[in-house]
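Here are some notes to read alongside the model. Please keep the sequence and the 3D view open as you go.

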There are 2 protein chains.
Amino acid sequence: MSVQERKQRELAERERLIVATARELAEQQGWDAVTTRRLAERIEYSQPVLYSHFRGKREIIGAVALEGATELAAAVRAATAEAGSPRARVVALGRAYLDFAAANPAAYDALFQLDGGLLFANEATPEPLKDAFAALLETLCEVAGDGVEPGMFTEVFWASLHGLATLGRAGRLLPEDAEPRLELLVDRLAVS
Amino acid sequence: MSVQERKQRELAERERLIVATARELAEQQGWDAVTTRRLAERIEYSQPVLYSHFRGKREIIGAVALEGATELAAAVRAATAEAGSPRARVVALGRAYLDFAAANPAAYDALFQLDGGLLFANEATPEPLKDAFAALLETLCEVAGDGVEPGMFTEVFWASLHGLATLGRAGRLLPEDAEPRLELLVDRLAVS
DNA sequence: TCGGTTGTCTAGCGGTGCTAGAATCGAGGC
DNA sequence: GCCTCGATTCTAGCACCGCTAGACAACCGA
């Protein structure tokens with residue numbers, strides 16, 4: 001069995017290498033630069049090897065997305081844990097979210113802009129995605145306000161952050177107002 | 001001169017045909033299906049003809065985006081004109097915006113998701129884009145609240161709508177809560 | 001009717017995601 | 001230690017992409 005175990009380990013290792021390399025390449029040069037040929041060359045295997053791990057490019061994007069979701073959830077939880085008041089927690093959450101999107105555009109795009117073949121708002125949603133939403137919900141349910149369903153409030157707050165993140169990064173918002181935009185959003189949306 | 005005039009008219013007509021066909025195809029089958037070959041076939045010309053009107057596919061997307069921006073601005077203005085109170089105007093604005101995004105996904109994507117080579121938040125921004133933002137600003141400046149810069153408030157409100165539109169359409173939000181989400185957003189963000 | 005310009009097409013470039021079938025490698029039996 | 005055979009990896013190629021050079025045809029003005 002030891003031989004098979006070693007092979008399995010090597011296979012898993014190579015799969016991690018593929019995902020990490022795809023993400024690295026995407027962060028460096030954008031997802032357009034992530035072609036199966038370039039990716040194969042970087043991992044020093046031939047193209048078809050990719051297809052023994054993933055059904056296609058879409059699944060590779062999906063794998064990067066799941067990795068990103070895990071990191072996003074961790075970043076949000078770390079930021080909110082340090083803050084004192086509910087309002088400070090929400091500001092920290094928003095800042096952590098926007099910082100993550102700005103610092104990891106490729107991972108963020110894999111999650112929310114590109115088609116990684118992932119399901120959302122559904123029982124078949126992968127665990128990391130549900131957990132990322134849960135990380136938002138944990139802090140935001142404190143400030144949803146009376147009579148407002150926390151899940152729905154979280155969707156609205158999340159959508160607002162998503163809009164700020166994507167429009168901001170695409171150069172469609174004035175860069176210098178990033179901070180006041182977040183403050184305004186928190187002050188108006190959160191009930192404390 | 002009449003011959004040249006006729007030729008110019010025909011050229012302009014064909015350009016409109018290209019843009020309309022590209023948009024139609026994108027609305028029917030998504031932007032992925034809009035290839036230069038298919039587009040050329042639909043307008044019953046050969047591929048290179050497209051390149052005598054536009055520098056490339058990106059510029060065609062940009063043309064659809066400008067068309068969409070004009071329609072979006074008109075839709076928002078028509079909806080807000082009918083409403084009585086400031087709050088009702090903002091709700092109407094939000095609904096018109098989200099309805100436009102849902103009913104014209106290809107045009108909306110050309111505007112805000114794809115790279116149409118257009119500039120934003122800049123003096124070189126094309127007129128239709130500035131006007132669409134202005135259409136939002138006209139209604140939203142009423143409810144920005146004291147001491148809040150209307151332009152910045154509009155950016156935040158717009159980003160929130162954009163987030164709801166994109167995440168909603170991608171199936172990342174619960175469909176049945178679309179209306180309460182808009183109501184919540186307006187009640188919290190708008191000061192009346 | 002002809003000459004020349006203008007416009008359009010055919011054909012092809014290098015690239016994409018993906019795959020069939022050949023070739024190679026390595027584990028296990030003798 | 002060799003040899004067989006199955007698993008693994010590669011080479012080569014598919015159909016398609018955006019885009020363009022150069023051949024060709026059509027039309028306008030003389």
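**Notes on the core and the interface**

1. Let's begin with the core: among the 119 residues of the largest nonpolar core, those touching the most other members are A:Tyr97, A:Phe153, A:Phe157, B:Tyr97 and B:Phe157. Such a core is a set of buried Ala, Val, Leu, Ile, Met, Phe, Trp, Tyr and Cys residues joined through side-chain atoms within 4.5 Å. Buried means under 20% relative accessible area, exposed over 50%, and partly exposed in between (1.4 Å probe, protein chains only). In soluble globular proteins, nonpolar side chains tend to be buried together.

2. A word on the basis: this is a predicted model, in which local features need pLDDT of at least 70 and side-chain atom pairs count only at pLDDT 80 or more, while totals for chains, interfaces and linings use all residues. Residues are numbered from 1 along each chain as its sequence is written, chains are lettered from A and ligands numbered from 1 in the order in which they are written, and side-chain values use heavy atoms, leaving out hydrogens and water.

3. Which residues does A:Phe153 contact, leaving aside neighbours within four places in sequence? In chain A they are A:Leu140, A:Val143, A:Ala144, A:Val148, A:Leu189 and A:Ala190, and from chain B come B:Leu184 and B:Arg188. Contact here means heavy atoms within 4.5 Å.

4. Now the fold of chain A: you will find 9 helices and 0 strands, taken from DSSP runs (H or I of at least four residues for helices, E of at least two for strands) numbered from the N terminus. Buried residues account for 49% of the 192 residues in chain A.

5. At the interface, 34 residues of chain A are in contact with 34 of chain B. The two chains bury about 2,900 Å² between them, with carbon and sulfur atoms giving 66%; this is accessible area (1.4 Å probe) lost on putting the two parts together, summed over both. On the chain A side, A:Glu155, A:Arg172 and A:Arg188 lose the most area to chain B, together 25% of what that side buries.

6. How many salt bridges does the rule find across the interface of chain A and chain B? There are 2, counting a side-chain nitrogen of Lys or Arg within 4 Å of a carboxyl oxygen of Asp or Glu. B:Glu155 and A:Arg181 meet in a salt bridge at 2.8 Å, N to O.

7. Finally, the elements giving two or more residues to the chain A side that touches chain B are α6 (105–112), α8 (150–169) and α9 (178–189) of chain A. The largest share, 12 residues, comes from α8(A).
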